Amino acid sequence: MGRKDRIAEPWGTRTPYGPGETWPVRVDTHLADGVTPDEVDRWVRSASLLHSNGDAMDIAVKDGRIVGVRGRADDRVNHGRLGPKDLFGWQANASADRLTRPLIRQDGRLVACDWDTAMSRITGRTQELLDEQGPSAIGFYTTGQLFAEEYYTLGVIARGGIGTNHVDGNTRLCTATAAAALKESFGCDGQPGSYTDIDHADVIALFGHNMAETQSVLWTRILDRLAGPRPPAVICVDPRMTPVARAATVHLAPLPGTNVALMNGLLHEILANGWIDRDYVDAHVVGFEELSRRVGEYPPERTAEICGVPAAQIREAARVLGGARRLLSTVLQGFYQSHQATAAAVQVNNLHLVRGMLGEPGCGVLQMNGQPTAQNTRECGADGDLPGFRNWANDAHVEELARLWNVDPLQIPHYAPPTHAMQMMRYVEDGSIRMLWVSGTNPAVSLPELRRTRALLSQDRLFLVVQDIFLTETAQLADVVLPAATWGEKTGTFTNADRTVHLSEKAVEPPGEARPDLDIFLDYARRLDLCDKDGEPLVKWDDPESAFEAWKECSRGRPCDYTGITYAKLRERGGIQWPCDDEHPDGTERLYTGGAFLSDPSYCESYGRDLITGAPLEPAEYRAMNPSGKAVVKAAAYVPPHEKPSRDHPFALTTGRTLFHFHTRTKTARAPQLQAAAPEVWVECSARDAAARELAEGDLVEVTTPRGSVRARLRVSGIRDGVLFLPFHYGYWDTDTGYEPGDHGRAANELTLTDWDPASKQPIFKTAAAALRRVEADPRPSAAPTNTASAPVTGDLAPTRGGPDAQADEELTRPLEADAR
């Protein structure tokens, strides 16, 4: 397989198959130039680090270096296939600008030191703050890319040892709504569906989910179904003309921020036409009558006025959904990063509940994740949840966890909901949180309203620790920087979006003095002398496998039960879906078969929230509403976006991803093929909007919101009128001069607002009011457009100028010098 082919043709060749058949195997491989398979010393088992699909792969090792990857033909997730980020992203491991020694801030600059100096500074500041202010002075903000073993260890240290309630992950920005929506409907996190539902479904609906770019191998599976006999119908809800939209049977392009109205309109038609399973509803659901009343207010004509989608299209989409015999739905950021995120995602669950389509082949919901181990953060307690999907508002659950850790229940903070990431940043801003430990994420680019974010992270009163593999924009602001090992350099487990657990083995040594995240957390716990009630070490494990065994015990009897999984079993079998226990020794493909839910008041992970206000339900309220543990159908009225287009800012701005990059490009921009495919930020608008402003493809334009401005080249695309799109990946680490306040940025989050969904607390990246103007016309003579309908990859997939090696290696690995704050 040629290097260039998987940039121009990111989903590879078709292997068609029909409903009920097994997806054919296709093994994708990429090796470094000059390396043949016969020259590989060994292949080491792993899974993808650059998306949530969980693509299983083997890492090729030669002379102690990673030299390539190949897909695992026998794995249940990908059947051998790899996406572009899988194939090329591994090259970032060997970048010359990897962090290899700890750094501390001295006289305003970051300077290298030894581990003892760095860790002593961290533990010394921790103890000072505990003595002076208590646990509330300390916060932990982590990622969606560590291993389960590392998240669990961090959760034990933070909650059981230090006793802080300030623990969250950047998964709050990404898929907090997935967890929230599942809790609202089913009482517990955990995806009901399985990727194998694609093999059986006759209708596949993607709600705000550009699967072609976010989970490219999963989209390959759908493309192979579409190329085979009896292909499924596809419903796409997205304001952009994405590859998913082009393949769709019905494409609905609503105005950003109107998803609840659209879902209510679809459900109106489903109920009005009797396309429901009344027996299933009567036996397994509470709340149906309220839903029926609410969606009765949204006939297609009213919905069309709100969403800007023709009423006929709404009726046609509802007809396809209502006529499905096996319906699979997926949901992602187009729904999650909006002001009514949880309310919209819950309506997708409602669609399946009223149709009785859960727990059977082809009948499922995937409230998708965006990151490779986002599911692990939620399971293991490294975000706003307690480990093992325990209910923070259920004293019995907290006491159970305290017995497991051998600590006093009062040591585990549960006086209020765990602090979500955006509230943590407010506490940093007002000086309440005075130490923030950031691991494996880059909030100086990924959080909203970046000018404000940079200011709060740069405060002298904040002690900022950053644990990462590169000197990111956030690391450049830190007081201490810890060099971490990454994928391929350490061992641990991943869990993907359909509950499949993979083992990722250490293939090579990390560079210099870099350490696995688990080792760093264990060192921190030892230095703080964190103990249980008996004076024994609180953290009783010392390596990945013993940490996994401890996590398994924490999961015992809970919905995410891992007790039937071992490292040996994962090495032998590959991916295994939880729950895996004595009752399900081979794992569990689908949840909620036969209407058996996890929502009993004594067992459920959450009692739910009001979808409009976010107010949590009291335990007594939940028991009265759902005494017998059924699924909960929750209705919601449409509420307009908090920031609407105006005369000065007439566009709705939405942000998102591109196929070739992951998050803030700290890895993917260091892979030459991926960086060459999408080297610069761009902005999309519709042909009509471009013509009205006399703009042309390639013009340098400026997008402005009340918070800032971004300059980028224009792409004239199939996005709906009145909407602008910016990819959010582009920060400043690889620019010549960095970013100074007052400059025109290139990071999309210069423009986004500090606001969040009331239920999931997920920030809003999909609705901001924006203006657009030309700065200069495209000066390039006869420049080939980057977005043409005839190109193999179009829209935001379009390769830009230059071949895969167009950017010199030295540009990708330029060392960074940390500036004073």
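Let's start with a pair of strands: β3 (residues 56–62) and β4 are joined by six bridges and run antiparallel. When I say two strands pair, I mean that DSSP finds at least two bridges between them. And strands here are DSSP runs of E, at least two residues, while helices are runs of H or I, at least four residues, with both numbered from the N terminus.

Before I go on, a word on the model. It is a predicted one, where local features need pLDDT of at least 70 and side-chain atom pairs count only at pLDDT 80 or more, while totals for chains, interfaces and linings use all residues. Residues are numbered from 1 along each chain as its sequence is written, and side-chain values use heavy atoms, with hydrogens and water left out.

Okay, back to β3 and β4. They make a hairpin with two residues between them, and D63 in that turn has a positive phi of about 55°. Within the pairing, D58 sits opposite R70 of β4. As for β4 itself (residues 65–71), five of its seven residues are buried, so to speak mostly covered; buried is under 20% relative accessible area, exposed is over 50%, and partly exposed is in between, with a 1.4 Å probe and protein chains only.

Next, the parallel sheet. This one is open, has five strands, and reads β11-β10-β9-β13-β14. From one strand to the next, the twist averages 10°. Look at β9 and β13 (residues 327–331): they pair in the parallel sense over five bridges, and V203 has L327 of β13 as its bridge partner. Helix α14 (residues 311–323) packs on this sheet, touching β9, β10 (233–237), β11 and β13, and its direction makes about 125° with that of β11. Contact, by the way, means heavy atoms within 4.5 Å. Angles run from 0 to 180 degrees between N-to-C directions, and axes are lines fitted to C-alpha atoms, for helices over the stretch in contact.

Now, which helix is largely enclosed by the rest of the structure? It's α8 (residues 216–226): ten of its eleven residues are buried, so the rest of the structure largely encloses it. Among those buried residues are W219, R221 and D224. The cover includes α2 (84–88), β9 (203–207), α7 (211–214) and α9 (243–247).

On to a helix pair. The axes of α6 (residues 176–186) and α16 (residues 341–355) come within 9 Å and cross at roughly 50°. From α6, the contact takes in residues including L182 and F186, and from α16, residues including V346 and L353.

Last stop: another open sheet, with three strands in the order β18-β19-β20 and antiparallel pairing. Here β18 (492–495) and β20 (576–577) are the edge strands, each with a single partner, so one side of each has no neighbour in the sheet. β19 (residues 500–504) pairs with β20 over two bridges, and T500 has Q577 as its bridge partner in β20.
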